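User: Hi! Could you walk me through this model, one question at a time?

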Amino acid sequence: MDTFYLQRLFVFSLLIWLVPARAQKVWHDELIRSYQGLPSDIVLKTQTDVNGFLFVATAKGLSRYDGYRFIESKSVKSGITDVFQCKGDFYFHNPAFGLASVGNIHAEPSVIQKNRYEDENPNNDHFENIFLDSRDRIWCSDFSGVKYFSSDKKKLTAFPIGNQKAENLKVQLIETTRGSIWAFTSSGVFVWDEKSNALRKHANPAIASLSCAASIRLSKNRILVATNDNRIFKLDPTTGNLEFQCTTDERAIGFARLPGRAPIAYSRNKIYELGTTAVSFYVPQKSQINHVLADANAEILWVSTNKGLVRLSPVDAVLNYRLPTQISNKVVISMAQDAQNTTWLLDNKYGIWSQSTFGIWKSHDISGVRPKTIGACGNVVLVATDKGVYRIMSDRIEKLNLESSPDAAIKKALLTKKNELWLLCENAPVQRYSWPELQKLTPLSNKPDFWTKNTWNDLFEASDGKIWMCGWAPSTYGIDIFDPKKNAFVEISDLPLNRNRDKFFGDYVNRIAEDDDHNLLFSGYGGFAIVAPNGNLLKKVDVNTYPISDGHFEGIASDERGNIVFATGDGLHVYNKKRDQVLRLSQADGLPSDDLIYGFLKRNDGKIAVGTESGYAAVNLQKLLEPQNKRGLRLSSVVVDGKMRDQESGVIELNKDESDATIAFSDLSFSDRNKVFYRYRFDDENRWNELGNTPEVSLNHISPGTYELLIQKGNGLGDWQSETLELTMIAHPPFYRSPLFYVLCVALMLLCITAVYSYFLNRQRKEARYLQKIREAEMTTLRAQMNPHFMFNTLNSINSYIIQNQTEAASDYLTTFSKLMRNILEYSKEELIPLENELQALKFYMELESMRLEQSFDYTIKIDKEIKGNPLVKIPPLVIQPFVENAIWHGLLHKSEPGNLLISAELISDDKFTVRIEDDGIGREKAGLLKKNQTSHKSYGVEITTERLAMLHPENAIEIIDLKDEKGQPKGTAVILTIKM
């Protein structure tokens, strides 16, 4: 009975909210001012081009914005009253040009109609609400009506509208169908028909009478119209059906719509989201709204104001959930999620809440206790309090009936995989119980002062079943692991792996989590640590090493990409392991607060939930860190040697005098600059060069050549897009380094080589001719030398025959001598003569010598049959004679008995033949001894002949062989002449 009433006392009422909790949408605004590059803080209107660049019309002209830098038009420098983009061209009006168009920010405007200030008609210098129809007619309005220029821009047609005062006429133009233009004006709705070329009031009086302030076409069958009495209507142009939608508290002056979202209306002071009611979600600070553009590609609203340009972007990655009851200073301090994906919350006012997957809130009240934390294991939800542990079930709350329940307050209840319930107590030992029996298990063996001197904050079971504990341990470092053998917690700083104390970030640790690599994560004051399952501290991230401004680290977890997410008093941070970088997320990114040191949970869907005042926020990190648009990179500007080029695409060329280039680009997402990262490389490189958050490549001292540059973008999670921006840069060399110069150098070199070659060739030819003349002179000298000597001996022989009255012998001798002289005279004019002719002359010579020496030797001439009659076998005249003369005078003359002389000619190859002169005289050795004892005329015949043969051809050769008998005694000499034909 007592137990029943005790349970009723602790289990109070169950309050159920049947209305689903709606997540509040978050919008992030960023004000861009003139000190950030905006030409003027007075922004009148914005438009985007086909590439996604934002064109901004200000009081100082037209400029282009890529999310990082503004580029001003060099021509359009004065205030613009209106601008409209269509088919890649921008149509605008300003005092300097009148109505004009321009293709890009660098182009010169093309004037359509100049302002006419000299006449009395004020409409001739007013062109507002510019619009292009499907036939390229340019429509606009003026003080008293609407007008259009024909497609060739030559003919102007104007339509006055009623008697409306000029300063009150407001006009917006919509082409409902081809050839039909509707003019929504403050004087009513008018329709222009192409066939009649007339502007008339709408046939439906209800539509025609609308005093319009703004309009927008959302679809073929839906137009939104804002009236001057603050009402919003839905109009179907096909049926003429007009339906009231809602009202605004201020007169709307325009509409806009982002894809997939409700349309918005804006007044001078507010922006509304339109539904059944108009909900204001943005109010500019002390400024006036001039125009709002919905940038569909970047999913951004561009708000033109009198005090700058506002980037207003929805933050879908952050959803804020508010508790049903709002109490001041109520903060969610503990969070959990069960197997049914129900979210459980505990606030600092001791309130316990649950939120189903359908968004249904429930309140669970436990009276008389102070809850510390709430946790879930599967479908078991446990609440640790100062007076025990409570279990929450779908329809009731019950206190666990623990054996020997601890007297101390319980900070956390942990249900393990081994079906054990571990209780972390304040200033008391950890208690263990069996589950679900709740029988107390063996107490831990740690000494009492381990619990009293240290403050333990968290208890955690890893995926491998190990139990970890962390807290403030003044004498150690506050990270402990349970050792089953010792039945006690062991400080990891005592492990041999962690003797280096610099690995620890501090001694006060708050939370424990586990990453996808099964490493443990410990957060605390000053940083966090990554610890391996064996207790080895692998990495620390602290405020001293990384750009983290607040040292109070609380919740920690790993995301789906392996990054470490941790919460501090200065926002949510993401540690990227690959880059070893920390990225900060704050209220500027859509978080509800920067102070996130309370509840923290990694949900089952991977989102990070953080406790806030009177609720919590669910953060999709992947979406939050990903740039909102998926466009590829675009070339933004090119600056060469400090001068900007009028270039937006194509090949970047540098002339011979240019060496430095700065290439700017953008992803045109207009996201937070800290979310987008860039890198580049050349196509022949493998390593990327990191640029961080700066979309700019500066190249200095560029060498001549062609370069292929690849640029890539990524997000804060380390993901890189596969699509790259590919740019080609050609640096033209100066003339002295150009291909033409090298060709000319090669040509000049070849010319020089040819000239030098020709010089030496001519010189060689001259030398050859000179040597030839020398040879001929030598031959002449030889002949001149031989002829007197030979003639002297011959005449002496003839004289001897006459004295001895041998007239017949003298006559024969004289006849042979005359034949020899005739041959010598004939052949002396020739360089080469047939071998047979040379041998014939040689026969005459040997016959005369034989007769003069009284037949002291015999001679024989043998000719190869292949040589006989062959006209190609030729020889210089008198080449053989000196060797025959030597054989006779030095070999045979000194022999006591008659000698023999053999001359033979043989063809040894197709282009060579030999001539052999062989005698059986005394040999060269004895002849040399005899010459020493004799003083006689020195003959140069053999020496000159040897040189002659060598000069005729290098393959010509002379070989002299000393002939010996079997006893080694000299028996003659052989001379072999090898002659190239």
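User: How does the span of helix 7 (residues 835–852) agree with 1.5 Å a residue?

Analyst: Happy to start there, and please keep in mind that this is a predicted model, where local features need pLDDT of at least 70, side-chain atom pairs count only at pLDDT 80 or more, and totals for chains, interfaces and linings use all residues. Numbering runs from 1 along each chain as its sequence is written, and side-chain values use heavy atoms, with hydrogens and water left out. Helices (H or I, at least four residues) and strands (E, at least two) are DSSP runs numbered from the N terminus, and the expected span of a helix is 1.5 Å times one less than its number of residues. For the 18 residues of helix 7 that gives 26 Å, which agrees with the distance between its end C-alpha atoms, 26 Å.

User: Which residue takes a positive phi just after helix 7?

Analyst: The phi in question is about 60°. The residue that takes it is Glu-854.

User: What is the strand order in the open sheet of 4 strands?

Analyst: Two strands pair if DSSP finds at least two bridges between them. The pairing here is antiparallel, and the order is 41-42-43-44.

User: Which residue in strand 43 is the bridge partner of Trp-468?

Analyst: Strand 42 (residues 467–472) and strand 43 (residues 479–483) pair in the antiparallel sense over 3 bridges. In strand 43, the partner of Trp-468 is Ile-481.

User: How many residues apart are Glu-30 and Arg-311?

Analyst: Their side chains meet in a salt bridge (a side-chain nitrogen of Lys or Arg within 4 Å of a carboxyl oxygen of Asp or Glu), at 2.9 Å, N to O. Glu-30 lies in strand 2 (residues 24–32) and Arg-311 in strand 29 (residues 308–322), so the pair links distant parts of the chain, and the separation in residues is 281.

User: Is Arg-311 buried or exposed?

Analyst: Glu-30 counts as partly exposed because its relative accessibility is 27%. Arg-311 has a relative accessible area of 5%, so Arg-311 is buried.

Definitions and conventions
Buried means under 20% relative accessible area, exposed over 50%, partly exposed in between (1.4 Å probe, protein chains only).
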